[in-house]
Amino acid sequence: MFDDNQEGSGMRSIVPILTVLAALIAIWYAGAVALNADWARQQAERQDRTLTTSELIVETWNQDRPRLPAPHQVAVELWDTTVEKKITSKRSLVYHGWVTLSVTLAGFGFGAALGIALAVAIVYSRTMDRSVMPWVIASQTIPILAIAPMIIVVLNSIGMQGFIPKAIIATYLSFFPVTVGMVKGLRAPSAMQLDQMKTWNASGLQGFLRLRLPSSMPYLFTSLKIAVAASLVGTIIGELPTGAVAGLGARLLAGSYYGQTVQIWSALFGAAVLAALLILAVGVFERIVTRHMGFGR
Amino acid sequence: MSFAVIFAALMIWFGGWWMNARLARIRGGRGAGALAPILFGVTVLVLWELLVRGLGVPGAILPPPSAIGQAFAANLPTLWADFIQTFVKGALSGYVIGCSVAFAMALAVDRSDFLKRGLLPVGNFMAALPIIGMAPIFVMWFGFGWQSKAAVVAVMCFFPMLVNTVQGLAAADRMQADLMRTYAASPLQTLMKLKLPAAGPFIFNGLKICTTLALIGAIVAEFFGSPTLGMGFRISTQVGRLALDMVWAVILVAALAGSAFYGVVTLLERAATFWHPSQRGR
């Protein structure tokens with residue numbers, strides 16, 4: 001899903017990207033008119049007014065509970081709930097975002113460590129490879145997210161609440177992509193290169209540190225980007241059944257209970273910004289590590 | 001009593017592992033390749049059964065596999081209705097809509113280098129977003145029925161499919177494209193004879209990613225509102241009643257459906273891209 005040909009993009013792609021984004025926003029505004037027009041006309045009928053086309057458009061972009069809020073409404077809500085509110089306030093999106101982010105990072109950290117350890121075990125043990133690897137792949141076809149509520153409720157009934165159950169779901173979701181990617185990466189060196197290590201009389205550990213580990217880095221970072229996104233999704237879904245206490249998932253659920261569409265969309269954008277920042281952070285980390293390992297371009 | 005059971009469970013674990021270690025040493029042989037994971041799975045199931053019974057874990061926390069099997073067998077009609085509602089109506093229709101729209105759009109985008117450069121990064125970014133969060137919005141727009149689930153699934157599948165197809169259509173190398181030009185091939189001929197075949201592995205990669213997303217989207221969307229059937233509805237209501245054997249039975253259905261769906265797409269891939277290096281040499 002993530003190609004790393006960022007050299008090819010860069011400045012040259014800025015104009016096309018901006019064009020696509022502008023088109024998306026235009027479609028969004030048009031969609032807001034289409035979806036909110038009925039409600040605006042009904043309101044006008046009740047007040048015995050007839051709306052001209054331009055009035056109708058303005059009405060549809062400024063409703064309290066629109067079916068589809070216009071982009072500027074979401075932007076205003078985002079500004080209100082991040083900058084205007086105190087961070088400690090329960091209505092601050094920064095507070096909810098932090099709740100989600102901390103769980104995501106914990107789950108991602110555990111998941112990545114577990115995934116790498118499992119991949120090393122699979123590459124070095126034939127038994128693990130033969131018996132566990134098929135299950136790791138099969139488990140990808142199972143909708144793990146769907147059992148998130150059960151995990152939350154079950155852990156709750158044995159007295160675990162809040163942070164840990166959500167982190168377990170995030171761990172679970174993020175460790176599979178890392179395992180699969182890392183196994184591929186550790187097996188990336190060709191037979192020729194492995195033979196070369198042997199002729200240099202390299203020990204198993206040296207072969208791992210000098211050849212297998214460096215050549216697995218591109219695979220590792222690609223799967224880490226997928227894993228961090230999966231970890232965020234897992235955390236958000238994990239926040240749903242807890243009764244909408246805190247976190248971006250809770251904001252989504254509360255918004256859908258009370259028909260607060262603007263709140264739903266702003267929570268969605270909060271999640272999108274978090275996802276972007278997390279993937280960006282992994283990308284920066286990747287650049288530092290690859291440069292340190294001597295992959296300088 | 002319980003110590004004996006735990007001891008037996010440990011023995012079975014080591015026994016299974018030892019047999020797998022022996023199996024792993026036998027090289028080649030198709031039978032041994034399939035046997036090791038099956039043996040591992042059976043070992044885990046027996047271990048689960050014995051530990052849950054031996055430690056007296058209450059059914060409200062983790063039911064033993066035998067209880068899950070009973071719940072599965074006893075509720076077949078309910079589970080079948082849930083399966084039709086969630087998988088066939090919700091996931092499958094959304095999957096077909098999302099993937100075909102993305103495919104058509106990729107074909108259109110492929111003609112313009114400008115659009116390709118703009119759409120690929122945006123699409124890549126969108127594919128990584130928690131799109132599943134749109135579920136409450138779609139439930140609000142399209143109601144509690146399967147239509148809202150299909151919409152969630154369609155949007156979830158759209159971006160991974162779009163990105164993979166666009167990348168695939170660009171996969172044919174320069175030389176081959178030039179060769180098509182020297183043959184005076186029309187754009188349609190180039191598409192049919194060169195670009196689409198070259199894109200095959202990428203397209204199927206997208207289709208495979210989407211199988212998992214489709215099932216997840218359809219089930220999770222039901223958490224935000226559904227008629228009184230469906231796999232997501234069953235999971236959330238039975239969790240509330242702490243009837244976990246039934247929840248696990250639904251998960252079993254989801255796992256079977258998900259694996260079968262993935263398997264079918266893999267078979268299609270093998271039939272369509274049999275010539276590709278990744279499909280040969282096995």
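**Exercise 1. Domains of chain B.** State how many Å separate the centres of domain 1 of chain B and domain 2 of chain B, taken over C-alpha atoms.

*Solution.* The separation is 35 Å between the C-alpha centres of the two domains. Next, the bounds. Domain 1 of chain B runs over 2-57, and domain 2 over 72-272, by the domain assignment. This is a predicted model.

**Exercise 2. Where chain A meets chain B.** Work out which helix of chain A gives the most to the side that touches chain B.

*Solution.* First, the totals. The contact draws 48 residues from chain A and 54 residues from chain B. Second, the contributors. In chain A, helices 1, 5, 6, 7, 10, 11 and 12 each supply at least two residues of the side that touches chain B. Helix 12 of chain A gives the most, with seven residues. Last, the classes. The chain A side that touches chain B holds 34 nonpolar, 10 polar and four charged residues.

**Exercise 3. The two sides of helix 3.** For helix 3 of chain A, find which residues are buried and which are exposed on the other side.

*Solution.* Check the geometry. Helix 3 of chain A spans residues 71-84, 14 residues in total. From first C-alpha to last, helix 3 reaches 19 Å, close to the 20 Å expected at 1.5 Å a residue. List the buried set: Gln73(A), Val74(A) and Thr81(A). These cover an arc of only 100° around the axis, so they lie on the same side of helix 3 of chain A. Turn to the other side of helix 3, where Val83(A) and Glu84(A) are exposed. Finally, the cover. Helix 4 (93-124) and helix 12 of chain A are among what covers the buried residues of helix 3.

**Exercise 4. The largest nonpolar core.** Name the residues of the largest nonpolar core that touch the most other members, then trace the contacts of Val153(B).

*Solution.* The core has 134 residues. Val153(B), Cys157(B), Val220(B), Val250(B) and Ala254(B) touch the most other members. Helix 7 (residues 146-169) of chain B brings the largest share of this core, 16 residues. Now take Val153(B). Set aside neighbours within four places in sequence. Its contacts are then Gly90(B), Ala91(B), Gly94(B), Tyr95(B), Gly98(B), Ala214(B), Gly217(B) and Ala218(B).

Conventions
Residues are numbered from 1 along each chain as its sequence is written. Chains are lettered from A and ligands numbered from 1 in the order in which they are written. This is a predicted model: local features need pLDDT of at least 70, side-chain atom pairs count only at pLDDT 80 or more; totals for chains, interfaces and linings use all residues. Two residues are in contact if their C-beta atoms, placed from the backbone, lie within 7 Å. Helices (H or I, at least four residues) and strands (E, at least two) are DSSP runs, numbered from the N terminus. Ala, Val, Leu, Ile, Met, Phe, Trp, Tyr, Cys and Pro count as nonpolar, Asp, Glu, Lys and Arg as charged, and the others, Gly among them, as polar. The expected span of a helix is 1.5 Å times one less than its number of residues. A residue is buried if 20 or more other C-beta atoms lie within 10 Å of its own, exposed if 12 or fewer, and partly exposed in between; C-beta atoms are placed from the backbone. The arc is that of the directions from the helix axis to the C-beta atoms. Domain bounds come from an automatic or database domain assignment. A nonpolar core is a set of buried Ala, Val, Leu, Ile, Met, Phe, Trp, Tyr and Cys residues joined through C-beta atoms within 7 Å.
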